[in-house]
Number of protein chains: 4
Amino acid sequence: MSSQNPVFIPGPTNIPERLRHACNVPTIDHRSAAFGEIFAPLFPGVKRVLKMTKGEIVFFPATGTAGWEAAVTNTLSPGDKVLACRHGMFSHRWIDLCQRHGLDVQVLTAPWGAGAPAADFQAALEADKDHEIKAVLVTHNETATGVRSDVGAIRAAMDAAKHPALLMVDGVSSIGSMDFRFDEWGVDLAVTGSQKGFMLPTGLAIVGVSPKALAAMETAKLPRTFLDFRDMLNTNPKGGYPYTPAVGLFYGLGESLKMIEEEGLENVFARHHRIAEGVRRAVSAWGLSLCAQSPDVYSDTVSAVMVPKGFDGTRVVTLAAEKYGVAFGVGLGEVAGKLFRIGHLGSLTDVMMLSGLGCAEMCMADLGLPVRLGSGVAAAQDYYRATAGAPAEAAHAA
Amino acid sequence: MSSQNPVFIPGPTNIPERLRHACNVPTIDHRSAAFGEIFAPLFPGVKRVLKMTKGEIVFFPATGTAGWEAAVTNTLSPGDKVLACRHGMFSHRWIDLCQRHGLDVQVLTAPWGAGAPAADFQAALEADKDHEIKAVLVTHNETATGVRSDVGAIRAAMDAAKHPALLMVDGVSSIGSMDFRFDEWGVDLAVTGSQKGFMLPTGLAIVGVSPKALAAMETAKLPRTFLDFRDMLNTNPKGGYPYTPAVGLFYGLGESLKMIEEEGLENVFARHHRIAEGVRRAVSAWGLSLCAQSPDVYSDTVSAVMVPKGFDGTRVVTLAAEKYGVAFGVGLGEVAGKLFRIGHLGSLTDVMMLSGLGCAEMCMADLGLPVRLGSGVAAAQDYYRATAGAPAEAAHAA
Amino acid sequence: MSSQNPVFIPGPTNIPERLRHACNVPTIDHRSAAFGEIFAPLFPGVKRVLKMTKGEIVFFPATGTAGWEAAVTNTLSPGDKVLACRHGMFSHRWIDLCQRHGLDVQVLTAPWGAGAPAADFQAALEADKDHEIKAVLVTHNETATGVRSDVGAIRAAMDAAKHPALLMVDGVSSIGSMDFRFDEWGVDLAVTGSQKGFMLPTGLAIVGVSPKALAAMETAKLPRTFLDFRDMLNTNPKGGYPYTPAVGLFYGLGESLKMIEEEGLENVFARHHRIAEGVRRAVSAWGLSLCAQSPDVYSDTVSAVMVPKGFDGTRVVTLAAEKYGVAFGVGLGEVAGKLFRIGHLGSLTDVMMLSGLGCAEMCMADLGLPVRLGSGVAAAQDYYRATAGAPAEAAHAA
Amino acid sequence: MSSQNPVFIPGPTNIPERLRHACNVPTIDHRSAAFGEIFAPLFPGVKRVLKMTKGEIVFFPATGTAGWEAAVTNTLSPGDKVLACRHGMFSHRWIDLCQRHGLDVQVLTAPWGAGAPAADFQAALEADKDHEIKAVLVTHNETATGVRSDVGAIRAAMDAAKHPALLMVDGVSSIGSMDFRFDEWGVDLAVTGSQKGFMLPTGLAIVGVSPKALAAMETAKLPRTFLDFRDMLNTNPKGGYPYTPAVGLFYGLGESLKMIEEEGLENVFARHHRIAEGVRRAVSAWGLSLCAQSPDVYSDTVSAVMVPKGFDGTRVVTLAAEKYGVAFGVGLGEVAGKLFRIGHLGSLTDVMMLSGLGCAEMCMADLGLPVRLGSGVAAAQDYYRATAGAPAEAAHAA
């Protein structure tokens, strides 16, 4: 596969030069003052991205899965009840993780393609008179279906039910790309990683922790050491780390935060929306539909494109890789074969997106789908032309 | 301008990761044996690309302009007569260089868009009964007009005229991308650089020198030191260099030659032709024409697209840069404003090309040209689909 | 601190150019065949370094602490008894981890500076008639004290006691630098990381798992998801990964294994021993002694240098960092202030080591310790001169 | 040779990480506004390093040799007389270049180890009643002998002789490392390159041109195109370049200038002096002497160490490379075999220098020279200890 083509998977995302440089550092002594100088600005920087003013940020040299695990093990005890909805592969996996850790998961379901159903959450919470449910889990952006759930609505449901459970949100494929409001939504644990909106290599799990979650930490009995918030909170404020940190990624995250602030956080969201909307217009021009059921749940980071019945969507992905050297995402779980996914997050331009759409068209035509060459590209061009501002400056590492 | 978008200028070209890594080396002692180990394989490697079996290769830490100058100053003397044709900005500049160095240039002319006229060369050579003409200069690929001249036909003209002049060829934007036959065409001096077909940063002038040119060197009186072949020929065979070499670019060239050999030289040419042909089909779908007058002179490395009369082609280039962060080439000299140029050489894929074509379409539409969005992309897709093999493997530096 | 000086901390180690390049890759699709091609050779490669022929290797995008946790949680159940010795900060931390995970740790003790006491292990195991002890934990190289324990002797003690417990070994700061014999020593779980002998950035926990440990996995009840062996074993053989892998580090590990094999594993060990021995001769010339009590426990990756009573060894480390821009390691836990540590593992040459020794001498002289300038350097030079072979070839990434 | 060891050649110098990153950029369009933004700040930046307020700076994608040639060909005509002194290999080579270009060189001589003799220059200039001498050439730092000449004294000699010749200075191995006063010394042409004090890869020739030299350009008849000042002066002010520029090196030079300004130009000179003085104390402790005849001509960028009669100094260099993987410089020309050279310029720390001195000691001892191990290191340590301030901050590219 040509390393010159961009990737169109829903993460890890294309890494800008500037971040490639920033991560590629010689070894420094992580017990020296130099480490603290790199580390300290990351806390307020990430908080700004999360729109979070209270609580703490913890960083683990790990992945989003570890972030899910850390959220759960640092705040809950074996046998605790949690409420979650399964409506895609990633919400499914978080539920599975809870079950492996001995939690009692009350599982709501929704169609793969729908958002997390606030009304069902509210009903379940109202039925829980004794407040046995200790945490509510929401997947902000279901990467498997291209669905963004309304976290604010879930918070409203919790408030309406006057339920004191913690609100845990998987923001791995949304944070840094789509609006996330930690404070406003009353999020208690927000999980993300380095390799999506932050445009970095895989290797950092990032968790935002509310004061309420910090309080829960004191009584949580699930065992943890590598992922223990307490060791982080005891050492981080002094520029320390409980074990060896991934220093290169911290340099990279510092630079990523600078890039985001230079572009402007709301501009970053707007850019993601604009590129995504072009993709959606292309899909429509192809005569196809999204897995996401309605515009209010359309994700701005990934589009899952339904293929005609009887056609295996995975073939598009395989052909793109083998014939054109381009990476798209396959359908997972319940929607395996029924769709293919176009990732459009992180460091991406409208012009790069045209090459992804153009490639998808070629693949679909190659495979006999009734898609007219250039049709989706033209629809996207039409939208991009009308909405383009000046491109962001080439921000060089220097 | 977004550093994530590829460039579509006719050089310098997009530098593959693998070559970026290869060039980026710590300082080594260029007087050590290590230098010789890097340097030695470059000579046979470049000869294979030139299809050259006799003579010598010299490398200067400089650019193609220096290559032109070295070809001339190492083989000619003040007042010597040379024959050349002006039919584009780069052929013009080489003529200008000769004049600055006190040569007597007999200038043929041809339309900008035509190739070097073999018949005119033959007539001039036949008229030169006393063989005052010491060298014939040909621009293999006129980067300004997207025209490839028939060097073999020029050689045939020289042979028909039984003329002993040296044949000097500017292959800066052709060598490594289009077929070049040093031996077969009886080339005496072939000039190229690192930043085009070799996909490297700017900074190496590379000159192939025939045995006949080496003989001419003995009597050439034009002054030169930095660009003196003799110092190179005296030191290179022992792994030495007359001054400080650009070691990083030599590492890079070694890796570039490996990449070319892995892909296969003929496959590299075929890839360039295929991508170029897609561009030409797009141009045709747009209802536009090339500056190149006929298919036999179409360049496979750059296409110069004529814009409608009264429209300033530079506006396409400016808008692409400012609105979309994409680089195309402007018209130069006689064709300034009359065209814009799409570079398609070096490390490029069909999918990357689609983004360039898509961007050009958006710009032309933005500027009110009667180009239908998606039309050129579709024409290119149609051709690319039909002709795609498996993409070359991602060849990583490791 | 000057980024041009090497670091002399006991890890992370200086990262060679070649590995810096190898890790610094553009994003690839980790679900593509390309990923499998990078991933597959790592398994036999790491096994060769571990001298391991049976069992499995698992790789987590995490650190050595996660490796400890994975070893324990994948093979044991809450309340299980384990036997370990506390004789340094890192053995202490592993014990602490076990206790946090609800294990019943029978803690032996030895002086900080001594190796793990095989006789005490044997006695404890013989006393455990009912085989309640499920695992024996050994720290192969105590990074805090510069002590290498005799894992083979622990195995012999277990065999003598005819005890069926699993043998878990922390090889984080030994594997890849000092001889490790997984098969011969009957190791069941060997833990290491990317940032020591493998000369890579932090971010990979690597665990070797014996068939016996794999069997224990089936009944282990400690909860784990991110660090679950089972998900790895279910996906890795098909080139898959249960979540997003740290692809750059896998490229890097592939290249690191190549570097180790090019130098020769035994040569790597010999180089570490030679550089370490020079350091020890310097320490002796300074009139100082090591924390390690006797030559049989001297570590070849880190030397902990005892400072005179009443002097705070941390001052050497602080001064080196502030005045000379050089990183050494401080004393930790029981030996805080009593020593400073010189790391000498990974990508290091004798000449680089001289600069570290020269810097330490300057610092000690600055702080009034009775150390003659040049004395330690001379002792090391004397040894290095006598034992030098040809330096390893500059192995460039190209 | 180990790529982890620093080099101790008198250039190219060790390239700091930050500059490695800065040079390693993707291709940009050199005809775009982005290029001008990178290019423009280089002119005032280099002027500050040269202590130059009037005149122009020109940059060629070439080396110092080209800089020499450009200085000569842009200001002189065939047959012009120039005055120069041969007292080392590099002053010799510049003389040779002039002769190749048809200039009439009046050659003064001085011992290899002496500076340029101001009195002899004055005598020659006074004897030149008709002002036939058009230029005086001085090598500020003779890299072959480690001798710094007093350019101010040459200017005084010219003034005393009331001679109107141009003053051309080779500052390749001094500028950016030792004080250079373009204005104060009345320099007309100052030549340097990227790979010494600017700590960059080889590939830029940099020439400072006084208003008087610019005037001379108008009448200069030596032919030149690649190295023509006029094309630069016609295009550079508008952000243009007459041919393809070496963009990566321009990015690098911008960052290099930032590094120099961050450290402070006078601090950079002081650091070079301090490191050099440590080397000189080591040489003295070894019982050896420098090629440079007296302290007033000691170079702060390179020390040429005389070896005992009958001993071949090249053996030290060869052994260092082969046995220890360290690069020193050999003797050249008249002093071949009589000395070896230690380069100590560019990005270097005192601690790095200790490893170079330690290596040199090992080599000399290996070869039977009566040098006590550690003696030179100790002398340098003693000086470095007494003179160390805080090390410069690790300035990372991010």
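1. Burial in chain A. In this predicted model, buried residues account for 66% of the 398 residues that make up chain A.

2. Fold content and overall dimensions. Chain A carries 14 helices and 12 strands, and its radius of gyration is 21 Å, close to the 21 Å that the globule rule gives for 398 residues, so chain A is as compact as a globular protein of that length. Taken along its principal axes, the C-alpha trace of chain A spans about 60 × 55 × 35 Å.

3. Contact range within chain A. When one considers the contacts in chain A between residues at least 6 apart in sequence, 73% of them join residues at least 24 apart.

4. The contact of chains A and B. Here 41 residues of chain A are in contact with 41 residues of chain B. On the chain A side, the elements that give two or more residues are helix H12 (314–324), helix H13 (350–366) and helix H14 (375–387), and of these H13(A) gives the most, with 11 residues. By class, the side of chain A that touches chain B divides into 19 nonpolar, 14 polar and 8 charged residues.

5. The contact of chains C and D. This contact takes 41 residues from chain C and 41 residues from chain D. On the side of chain C that touches chain D, two or more residues come from each of helix H12 (314–324), helix H13 (350–366) and helix H14 (375–387) of chain C, with H13(C) giving the most, at 11 residues. The residues on that side of chain C comprise 19 nonpolar, 14 polar and 8 charged.

Notes
Residues are numbered from 1 along each chain as its sequence is written. Chains are lettered from A and ligands numbered from 1 in the order in which they are written. This is a predicted model: local features need pLDDT of at least 70, side-chain atom pairs count only at pLDDT 80 or more; totals for chains, interfaces and linings use all residues. Two residues are in contact if their C-beta atoms, placed from the backbone, lie within 7 Å. Helices (H or I, at least four residues) and strands (E, at least two) are DSSP runs, numbered from the N terminus. Ala, Val, Leu, Ile, Met, Phe, Trp, Tyr, Cys and Pro count as nonpolar, Asp, Glu, Lys and Arg as charged, and the others, Gly among them, as polar. The radius of gyration is taken over C-alpha atoms; the globule rule is 2.2 Å times the number of residues to the power 0.38. A residue is buried if 20 or more other C-beta atoms lie within 10 Å of its own, exposed if 12 or fewer, and partly exposed in between; C-beta atoms are placed from the backbone.
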